[in-house]
Amino acid sequence: MPSSHDHDFLGASHDRNARRTRIVLGLTAITTVTEIVFGTITGSMALVADGWHMATDSLSLAITAFAYSYAKKRAADPRFSWGTGKVGTLAAYSSALVLLAVGIGILVESVSRLLNPVTVEYREALIVAAVGLAINLACAAILGHGGHDHAHGGDHDHDHGHPHDDLNLRSAYLHVLADAVTSLTAIVALAAAWQFGIRWLDAAVGILGAVIIVRWSVILVGQTSRILLDHVPDEQLSAEMRAKLEEGGTIAVVDWHLWTIGPNRYAVIVSATGTTPSEVRRRLGADPRLAHVTVECS
């Protein structure tokens with residue numbers, strides 16, 4: 001047996017996802033400034049809400065890009081006992097908290113505008129909102145489904161939306177999708193207010209955009225916090241693996257732990273009686289998700 005082994009548990013698409021993120025960050029930053037400035041000038045709360053939503057995405061994407069770089073540079077640092085695979089999860093958690101705070105702020109401002117309407121220059125606001133939507137869709141296309149970087153082994157084929165994916169990229173992808181939704185609703189609201197005089201709809205869409213922001217942030221906080229707290233990533237998979245070890249009744253599992261150490265990468269610690277480490281590993285199989293297996297037998 002080798003005296004040491006690496007603890008590089010980064011996702012298989014780490015470098016590609018990092019490049020995607022940097023491209024989308026540039027596009028999003030430009031759109032953010034444009035929407036906030038023109039939304040303020042034209043008086044459109046829907047456009048301002050969408051702009052600030054994209055501002056949080058710019059910050060989140062910056063955190064995402066930094067996390068990819070930091071995780072890559074520190075992957076071999078022995079001070080990280082389980083590698084840097086969860087740096088991206090920490091980044092996603094941080095961006096989710098920022099997103100939550102901004103969402104609440106937009107909600108408060110939109111309610112204020114609903115109660116105290118202001119004049120909106122609809123034509124100009126519509127043009128900028130349409131450009132914003134086009135860029136949002138382009139960003140979503142660039143990121144694609146890179147957050148679903150699965151490597152299934154054996155006969156397992158579990159839920160493709162679980163937080164064992166690359167949540168760092170997944171958070172960015174969900175952000176731009178939410179941006180596209182808020183941009184679209186902003187366009188509808190501005191058009192309706194301009195053509196039919198439904199002026200309250202602009203502020204109402206600002207509220208809708210805020211709700212979408214808060215919803216995404218709550219989902220991300222839940223997913224990332226479970227990983228950071230070493231929650232069992234897939235209870236069905238955990239039960240199946242343990243059942244494999246105990247099949248036939250000759251092995252008794254005394255202690256069993258399964259947790260996430262990187263995008264779709266797990267660590268296992270198992271203590272069993274009536275067997276040997278080699279038999280335990282044989283029964284677990286060559287599942288590529290099991291990046292680090294520690295066995296204790298008696």
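Predicted model: local features only at pLDDT ≥ 70, side-chain atom pairs only at ≥ 80, totals over all residues.
Colleague: Are helix H3 and helix H6 roughly parallel or roughly antiparallel to each other?
Modeller: Helix H3 covers residues 87–115 and helix H6 residues 200–228, and their axes are 7 Å apart at an angle of about 160°. Since an angle over 145 degrees counts as roughly antiparallel, H3 is therefore, relative to H6, roughly antiparallel.

Colleague: What is the handedness of the H3 and H6 crossing, and how do the residues of the contact divide?
Modeller: The crossing of these two helices, H3 and H6, is left-handed. The residues of their contact divide into 25 nonpolar, seven polar and one charged.

Colleague: How are H7 and H8 oriented to each other?
Modeller: Helix H7, residues 235–246, and helix H8, residues 277–284, have axes that come within 9 Å and cross at roughly 130°. Their crossing is right-handed. Angles over 145 degrees would count as roughly antiparallel and 65 to 115 as roughly perpendicular, so the term for H7 and H8 is oblique.

Colleague: Which residues make the contact of H7 and H8, and how many of them are charged?
Modeller: From H7 the contact draws on Met 241, Lys 244, Leu 245 and Glu 246, and from H8 on Val 280, Arg 283 and Leu 284. By class, the contact of H7 with H8 has four nonpolar residues, no polar ones and, as charged residues, three.

Colleague: What is the strand order of the open sheet?
Modeller: Strand E1, residues 252–262, is joined to strand E2, residues 265–273, by nine bridges, and the two run antiparallel. Strand E3, residues 290–297, is joined to E2 by seven bridges and runs parallel to E2, with Val 270 standing opposite Val 295 in E3. The pairing in this sheet of three strands is mixed, and the order is E1-E2-E3.

Colleague: Which strands are the edge strands, and which helix packs on the sheet?
Modeller: Each edge strand pairs on one side only, and these strands are E1 and E3. Neighbouring strands are turned by 10° against each other on average, direction ignored. The helix on the sheet touches E1, E2 and E3, and its direction makes about 140° with that of E3; this helix is H8.

Terms used
Residues numbered from 1 in each chain as written. Heavy atoms only, no water. Axes fitted to C-alpha atoms, helices over the stretch in contact; angles between N-to-C directions. Helix = DSSP H or I, 4+ residues; strand = E, 2+ residues; numbered from the N terminus. Parallel < 35°, antiparallel > 145°, perpendicular 65-115°, else oblique. Left-handed = near helix turned anticlockwise from the far one by under 90°. Contact = heavy atoms within 4.5 Å. Nonpolar A, V, L, I, M, F, W, Y, C, P; charged D, E, K, R; others polar. Pairing = 2+ DSSP bridges.
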